[in-house]
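Here is a friendly walk through one protein model, from its sheet to its core and its pockets. Have the viewer open as you read.

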Amino acid sequence: MVALPLVGGCQCGRLRYAITQPPLMVYNCHCTNCQAIGGGAFSTPATVLEASFAFTQGEPRTFEWTSDAGNRRFGWFCGDCGNRIAHGQIPVAGFLSVRCGTLDDTSWVEPVGDIWTRSKQPWFPLSDDRLRCEQQPTDYAPFIERFRAQGRFPN
Ligand SMILES: [Zn+2]
Ligand SMILES: [Zn+2]
């Protein structure tokens with residue numbers, strides 16, 4: 001079992017955060033915004049309850065954009081090193097997407113699916129072991145169910 005809270009921070013260390021409840025799921029997002037934001041092929045966010053997330057050190061700056069699905073999104077980032085920490089919907093829908101690479105301990109992170117596969121880089125292989133969705137899933141229940149089945153956190 002992974003111990004809570006999950007803790008992490010930005011690359012320079014000015015921002016630190018804690019997550020006090022188990023994430024709902026972890027997946028890979030291949031949307032064009034994630035590719036631009038991270039400068040890579042995809043992002044690997046953990047979906048957490050907004051109420052379970054708090055910055056324990058530093059104040060983030062905020063950037064807003066329109067997602068590939070057409071929703072308004074905001075991102076918290078470090079004003080010093082520019083590292084994105086978490087994203088959410090505008091208005092906030094009760095959930096945040098925390099970028100898993102900012103966690104101190106990423107050993108438990110195992111994506112259960114790939115979304116926005118229609119814009120994924122052709123050289124990245126999809127696995128039959130993961131769920132897949134061409135765009136934004138309309139129902140995340142299978143993702144949540146499969147993440148719970150990994151048994152990393154107490155239910
Ligand atoms: Zn920083
Ligand atoms: Zn994305």
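In which sense do β8 and β9 pair, and over how many bridges? They pair in the antiparallel sense, over 5 bridges. Strands here are DSSP runs of E with at least two residues, helices are runs of H or I with at least four, and both are numbered from the N terminus. Two strands pair if DSSP finds at least two bridges between them.

A word on the ground rules: this is a predicted model, where local features need pLDDT of at least 70 and side-chain atom pairs count only at pLDDT 80 or more, while totals for chains, interfaces and linings use all residues. Residues are numbered from 1 along each chain as its sequence is written, chains are lettered from A and ligands numbered from 1 in the order in which they are written, and side-chain values use heavy atoms, with hydrogens and water left out.

**The sheet**

An open sheet is formed by 6 strands in the order β3-β5-β10-β9-β8-β7, with antiparallel pairing. β3 and β7 (61-66) are at its edges with a single partner strand each, so one side of each has no neighbour in the sheet. β9 can be followed both ways: G88 is the bridge partner of F74, and in β10 the bridge partner of G88 is L96. A86 has V98 of β10 as its bridge partner, and β9 and β10 pair over 3 bridges.

Hairpins link these strands. The one made by β8 and β9 has 6 residues between them, and G82 in the turn has a positive phi of about 80 degrees. In the hairpin of β9 and β10, 5 residues lie between the strands and G94 has a positive phi near 95 degrees. Of the 6 residues of β9, 5 are buried, so the strand is largely enclosed by the rest of the structure. Buried means under 20% relative accessible area, exposed over 50%, and partly exposed in between, with a 1.4 Å probe and protein chains only.

F147 lies in helix α2 and counts as buried, at 5% relative accessibility. F147 and M25 are 122 residues apart in sequence, yet 5.3 Å apart in space, C-alpha to C-alpha. Contact means heavy atoms within 4.5 Å; leaving aside neighbours within four places in sequence, the contacts of F147 include P23, W108 and F153.

**The pockets**

A pocket is an open set of points on a 1 Å grid over the protein atoms alone where a 1.4 Å probe fits, with protein on both sides within 12 Å along at least five of seven lines; lining residues have an atom within 4 Å of a point.

| Pocket | Volume |
|---|---|
| Largest pocket | About 550 Å³ |
| Second largest pocket | About 180 Å³ |

Y27, R73, S97, Q136 and Y140 lie nearest the centre of the largest pocket, which is lined by 30 residues. β10 gives the most to this lining, with 4 residues. The lining of the second largest pocket includes P23, F147, R152 and F153.

How values were computed
Grid points are joined across faces, edges and corners, and a volume is the space filled by probe spheres set on the points.
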